[in-house]
Amino acid sequence: WLLNNPNYLKSVFDRSKPYLFYIYSKIREKNLPIELTLLPIIESTYDPLAYSQSHASGLWQFIPSTARYLGLERTLWFDARRDVVDSTDVAIDYLLYLNGKFSKDWLLTLAAYNGGEGTLSKAIEKNKDASKAIKFWDLQLPNETENYVPKFLALAHIIKNKDSLNIDLPSIPNQKVFEIMELRDQIEISTIVEVSDLDYETFTKFNPGFRRSVTPPNKKSNILLPIKSADTFKMFI
């Protein structure tokens, strides 16, 4: 399907440009397989505002119960599931935890990320009780999870072999796109936009977690700004 629909990959990678380098850098920092940089393509098509029927949200598609379990807070002011930095940091830690729990097997790790660690544990125990193998391909899992891992492997294979497969993808510079800036006080989004010489669409692209026209009260907040805009905003602060 991916080979027959090359425009899909082009549009997804265009959408990933604000986020790809940061996620790639964090994954390298933790010495995880670089292919995990592609996981938000499967999860959300690299759209931080993506929202599923199961109420999953953000680049990494955390459902409310998992988000609470992992400490991603959702308030009237802010949804951390949609925040690029918060959700990425939590997703990477969660993948590390799952990988440790499931014998350092990355296919089992991905299956657990999609279907839940409880679902995967039950499938493994069922096979053990029946004296069957417990690799991903041997387990009976929900259809979505059974398809999830092959989708990821197909995507990784195509990206790795894009030249021999004649897949033309957008060029994405291997460099930092945004700066993370700490705000100590509440501030109106319109002020940030005006001072930074941004439009609201660009601000939201980098800061999809904010749910009001102002940043949350009585607490520090982080905002992401494109490099050039960050310099201007620093002078204002």
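**Close-ups of a predicted model**

**View 1. Phe178 and Phe206, a buried ring pair.** Both Phe178 and Phe206 are buried in this predicted model. They make up one of the 10 aromatic pairs in the structure. Their ring centres sit 6.1 Å apart with the planes at 75°, so this pair counts as edge-to-face. Phe178 belongs to strand β1 and Phe206 to helix α10 (residues 200–206), so the contact ties together parts that are 28 residues apart in sequence.

**View 2. Phe203 and Phe210, a stacked pair.** Here the ring centres are 6.2 Å apart and the planes meet at 25°, so the pair is stacked. Phe203 counts as buried, at 3% relative accessibility. Phe210 is buried too, with a relative accessible area of 13%.

**View 3. An aromatic cluster.** Have a look at Phe62, Tyr94, Tyr97 and Tyr113, which form one aromatic cluster.

**View 4. Helix α2 and its buried side.** Which residues of helix α2 (residues 20–29) are buried? They are Leu20, Tyr22, Ile23, Lys26 and Ile27. These residues span an arc of only 170° around the axis, which puts them on the same side of α2. The general rule is handy here: an α-helix has 3.6 residues a turn, so residues three or four places apart point the same way. The buried residues of α2 pack against α1 (6–16), α3 (39–44), α5 (84–101) and β1 (178–183). After α2 comes Asn31, with a positive phi near 60°.

**View 5. The largest pocket.** This one holds about 720 Å³ of space. It is lined by 28 residues, and the closest to its centre are Glu43, Gln61, Asn114, Glu144 and Tyr148. Helices α3, α6 (106–115) and α8 (143–160) each supply at least two lining residues. Which helix gives the most to the lining? That is α8, with 6 residues. Sorted by class, the lining has 14 nonpolar, 11 polar and 3 charged residues.

**View 6. The second largest pocket.** The volume of the second largest pocket is about 480 Å³. Of its 17 lining residues, Phe13, Leu20, Thr37, Leu38 and Ile159 lie nearest the centre. Leu20 also turns up among the buried residues of α2. Both α2 and α8 contribute, each with at least two residues of this lining. By class, the lining of the second largest pocket comes to 12 nonpolar, 2 polar and 3 charged residues.

Notes. Residues numbered from 1 in each chain as written. Predicted model: local features only at pLDDT ≥ 70, side-chain atom pairs only at ≥ 80, totals over all residues. Heavy atoms only, no water. Buried < 20%, exposed > 50% of the residue type's maximum accessible area, 1.4 Å probe, protein only. Helix = DSSP H or I, 4+ residues; strand = E, 2+ residues; numbered from the N terminus. Arc of directions from axis to C-beta. Contact = heavy atoms within 4.5 Å. 1 Å grid on protein atoms, 1.4 Å probe; cavity = no way out; pocket = protein on both sides within 12 Å on 5 of 7 lines; lining within 4 Å. Points joined across faces, edges and corners; volume = space filled by probe spheres on them. Nonpolar A, V, L, I, M, F, W, Y, C, P; charged D, E, K, R; others polar. Phe/Tyr/Trp six-rings, centres within 6.5 Å; stacked < 30°, edge-to-face > 60°.
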